[in-house]
Amino acid sequence: MFTRRQSKLLEILLNHVQGVTGTKLAEYLEVSSRTVRSEIGEINRAWKDGNIIKSSRKRGYYIEETDLDAVRSYFLSEGQEKREEEVADRGWMILGMVLEAGRADIFDIGSVLALSQPAMYKEISRFQKKLLSEYQCELLRMSGDRIWIENDEAKIRQMLFRIIKNETHDRTRHYAWFLKTFLPNDFDQKEYEWIVKLVKEYFDSKCIQISDDNLYMIVSAVYITMIRNYQNHKVAASAETEPAKEEVQQFFRFLKEQGFDFDHGDRQVLEGLLHGFRMSASMSTQSEIDSLSILILEDFCHDVMEKYHFDLWQSQSFYDNILNHIEYMMRRMGTGYEAKNPILNEIKKQYPYAYEISMLMVPIVYRYKNCYIQDDEISFIAIFVEHFLENVNKKLKAVMISSARFSVNSIVSNWIQTNFQNQIELLEIMPKHSLEHYLETHAVDLVISIMDTFVHPTVATFRVDGIPNQYTLAAMNALVYKIRVKYRFREIIKEHFNQKTIRIYREKVEFVQLIEELSEALKTEDYIYDVNEFVNDVLQREVNYPTYIGDWFMIPHPLMTFAKKTAIGVGILKKPAWIHGREIQVVFLLAMEHKQNEQIGVLFEFFRHMAQDRSALGRLAAVETEEEFVEVLIHISNSLES
């Protein structure tokens, strides 16, 4: 029988069969290395077959392969639950003994815990401070020889849910311990296991992947609701609130079918917890993700691009995954069930750059919600950012024109590695005369020159004059940003311009006919829902709000009708049409989804630049094929100033 810390230490070793250093164990347990050595000594002295934890200079601390099954059996045995209770557990036990009746005699509790009355006063006072500092709650009150709970039933249940959620993360066997502690006279292990089985089968039947922690947390909440009702602690239903999500309502219907008779007040309390869990097999950004979550992510992507020059929009899968996380993060913030990250400190140490980038989320959330997100939530964002930096981010490919002085080459290359390791991949260091031959067979985004006068005519060039300093760093960042923005134009063009929605008109065409034919093309490619509705909205908008940008160019789009997917129809008019008193040669018909999309902003910025460049419009009007149009558009985007 071991303390909770000793059990956690054994669990860590089970999950690291190759061994763990004492320093790492100290980080995981948030104690000193000396405490780790002491705990391992206690475990080895108490283990029935002698030393179970071995150590070596090469592997650190480890458990022999032949002993692993014995340790696993220990965690699965009933005896493990009868471990020696840590001092930290006494507060929970005191709370459990008060919960059923709502009040208790301090002397009676002291008798059960084998504590004197002065020791009980000290223990209760310590526990009250813990609840206040960690949960901002004054749940327990004490006066004389009495202790009682002062709160309504809804708040009591919410607090119990928060306590169990925070105190059990990544230790699923402790859920039963807390239930047994909070419901000492009514907890039934078999009944609890039956509910676990029911809820697991429900999620399996819906093809919903749910983590062990979330599964046992939901079961714990259902079990507490059931027992508190049995103990005649009723929740008064609050004023009408927004209806629960459909997936939550489905879960309540399932519980009712299984015989759980929860009233409206019970469901309201449970909804607050369940709202922060994924209760469906998939999530549609159109129907289930709040527009605020999209807005927050768009602001975050914009700020990361502006400050760190990383284009988070370049990966749709990354965008969708982090959007899902932000949605549930905002739900948790709204209901008070924010997530705890057990590896928070390790993330800060291992991924400091990703963590620093993730800090941009703090002022964004504060701007919209007037509250700060917890450090744990920031660390979860950092995991997504680190994955992006390691696996998604497209580094600019660069070569460096070398100096005759080796020391200067070394200084500059080390400077690039130190300051731009996530943004620039330095392919080669070479003399100037080798560059053109190299470019014939390699794609290069950037030439870095430490020769004062060299500038490449077609590849972006950055000249380093002397030893790099803070001004050099700022200039390089500006160039990286400019190159990335040009790439964004290129990628957006490839994504939203389809050759099958481009029409080249060699004869005169009326504006209405042009809009109808481009709309038909968008419908054929499944970008819009209904042609007539789309066309009518476009034409009505043009009556009141014409969309020409200068002469020769216009971007008609509906006012109220949204598309299945953002796309652009193109009309090239070899014989200009007279529209709104202007000769129009190029028409971009926009179909836009009903969601926040930063790429649309980039497109409009591109259109603004192009409308000011008569030669660019002339080149587009001169194309003869759809393929040529896309090529010319990309070439124009490359030449625009960001």
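A residue counts as partly exposed when its relative accessible area falls between the buried limit of under 20% and the exposed limit of over 50%. Lys348, with a relative accessible area of 32%, is therefore partly exposed. The structure is a predicted model, and it holds 27 salt bridges.

**Salt bridges between separate elements**

- Lys348 forms a salt bridge with Asp375, and their closest N and O atoms are 2.5 Å apart.
- Because Asp375 belongs to helix 19 (residues 375-392) and Lys348 to helix 16 (residues 344-350), this pair ties together parts that are 27 residues apart in sequence.
- Asp375 is partly exposed, at 25% relative accessibility.
- A salt bridge also joins Glu507 to Lys575, with 3.3 Å between the closest N and O atoms.
- Glu507 lies in the loop between strand 10 (497-505) and helix 23 (511-524), whereas Lys575 is in strand 12 (residues 567-579), so the pair ties together parts that are 68 residues apart in sequence.
- Glu507 is exposed, with a relative accessible area of 55%, while Lys575 is partly exposed at 36%.

- Lys197 pairs with Glu201 in a salt bridge whose closest N and O atoms are 2.7 Å apart.
- Both Lys197 and Glu201 are in helix 10, separated by 4 residues, or about one turn of the helix.
- Glu201 has a relative accessible area of 40% and is thus partly exposed.
- A network of salt bridges links Glu153, Arg157, Arg228 and Asp266.

**Tyr192 in helix 10**

- Tyr192 is located in helix 10, which spans residues 189-205.
- Tyr192 is buried, its relative accessible area being 4%.
- Beyond its neighbours within four places in sequence, Tyr192 is in contact with Tyr175, Ala176, Leu179, Phe187, Tyr216, Val219 and Tyr223.
- Tyr192 and Val219 are 27 residues apart in sequence, and their C-alpha atoms are 7.9 Å apart in space.

**Strand 6 and its partners**

- Strand 6 (residues 396-401) is largely enclosed by the rest of the structure, because 5 of its 6 residues are buried.
- Strand 6 runs parallel to strand 7 (residues 424-430), to which 6 bridges join it.
- In this pairing, Lys397 stands opposite Glu425 of strand 7.
- Strand 6 is also parallel to strand 8 (residues 446-449), the two being joined by 4 bridges.
- Here Ala398 stands opposite Leu446 of strand 8.

Notes:
Residues are numbered from 1 along each chain as its sequence is written. This is a predicted model: local features need pLDDT of at least 70, side-chain atom pairs count only at pLDDT 80 or more; totals for chains, interfaces and linings use all residues. Side-chain values use heavy atoms; hydrogens and water are left out. Buried means under 20% relative accessible area, exposed over 50%, partly exposed in between (1.4 Å probe, protein chains only). Contact means heavy atoms within 4.5 Å. Two strands pair if DSSP finds at least two bridges between them. A salt bridge is a side-chain nitrogen of Lys or Arg within 4 Å of a carboxyl oxygen of Asp or Glu.
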